[in-house]
Amino acid sequence: MRLSRIIMALTVGLAVVAVPTAAGAAQPQPAPTVSDTPQPPPYTPVLASLTVNRPTIYLGESIVLTGRSFAGREWVDIEISRTPLAAPAVGTVRSDGSTVAMTPVAFQASAPLNVRADRDGVFARRYTPSETGLLTFTATGRESGRSASIELRVLPKKGPHLPVTGSSLDTPMKVGGGLVATGVVLLLGTMLWRRRNRLGAGGTH
């Protein structure tokens, strides 16, 4: 009788001790926070660039277009558009009092240029414009899709400026002086001729 009571008491005690342990094990664990999870580095897009060695040239001169940060060995298409230099700006007042409401229209200057970048994504291309105006070059990689633009101002061709020297002025001055002297001689001769005619006419009477 006593043995059965002792066994029963031990069983109840073990059950009471096991209940809190099982309850603690069943509790959900907190989820890891975002700061604990390693994050990938932020994505930085690669931007291509396009430059010219001279921003302003005269018609007949050449420039060099240089592109960088394109994909290695890819073909790059360069579109060229032109805006006339003499086009009035928006808001310009005309002689009749009206204002310009439209921007100057840009149109294609010539056929696109095609150039292949080297393994580092760099290219250089020489170009000679055939018309004046504000040219806009837009380079786009066929594979990467990267694009960049640059402007170039093409002015009318400069005319020759002949320097004025002392020798170039001597001849006109000499010619002018000779003409003046000739005129004076002719004037004096005419006056003497008239005077003689008058005297001769008076002597006959």
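1. **Ground rules.** Residues are numbered from 1 along each chain as its sequence is written, and side-chain values use heavy atoms, without hydrogens or water. In this predicted model, local features need pLDDT of at least 70 and side-chain atom pairs count only at pLDDT 80 or more, while totals for chains, interfaces and linings use all residues.

2. **The sheet.** Three strands form an open sheet in the order β1-β3-β7, with antiparallel pairing. Strands here are DSSP runs (E, at least two residues), numbered from the N terminus. Two strands pair if DSSP finds at least two bridges between them. β1 (49–52) and β7 are the edge strands, and each pairs on one side only. On average, neighbouring strands of this sheet are turned by 20 degrees against each other, direction ignored. The angle is taken between axes, which are lines fitted to C-alpha atoms.

3. **Where β1 meets β3.** These two strands pair in the antiparallel sense over four bridges. Thr 51 stands opposite Thr 66 in β3.

4. **Phe 70 and Phe 123.** The structure holds two aromatic pairs. Rings of Phe, Tyr and Trp (its six-membered ring) pair if their centres lie within 6.5 Å; planes under 30 degrees apart count as stacked, over 60 as edge-to-face and the rest as tilted. Phe 70 and Phe 123 form a tilted pair, with 5.6 Å centre to centre and 50 degrees between the planes. Phe 70 lies in the loop between β3 (63–68) and β4 (75–83) and Phe 123 in strand β7 (residues 123–127), so the pair ties together parts that are 53 residues apart in sequence. Both Phe 70 and Phe 123 are buried (under 20% relative accessible area, with a 1.4 Å probe and protein chains only).

5. **Tyr 127 and Phe 137.** The ring centres of Tyr 127 and Phe 137 are 5.5 Å apart and the planes are at 80 degrees, so this pair is edge-to-face. Tyr 127 is in strand β7 and Phe 137 in strand β8 (residues 133–141), 10 residues apart. Tyr 127 is buried, at 11% relative accessible area. Phe 137 is buried too, at 0%.

6. **The cavity.** What lines the largest cavity? The lining residues are Ala 109, Tyr 127, Pro 129, Ser 130, Glu 131 and Leu 135. A cavity is a set of points on a 1 Å grid where a 1.4 Å probe fits but cannot get out, and lining residues have an atom within 4 Å of a point. The volume of the largest cavity is about 30 Å³, taken as the space filled by probe spheres set on the points.

Definitions and conventions:
On a 1 Å grid over the protein atoms alone, a cavity is a set of points where a 1.4 Å probe fits but cannot get out, and a pocket is an open set with protein on both sides within 12 Å along at least five of seven lines; lining residues have an atom within 4 Å of a point. Buried means under 20% relative accessible area, exposed over 50%, partly exposed in between (1.4 Å probe, protein chains only). Axes are lines fitted to C-alpha atoms, for helices over the stretch in contact, and angles run from 0 to 180 degrees between N-to-C directions.
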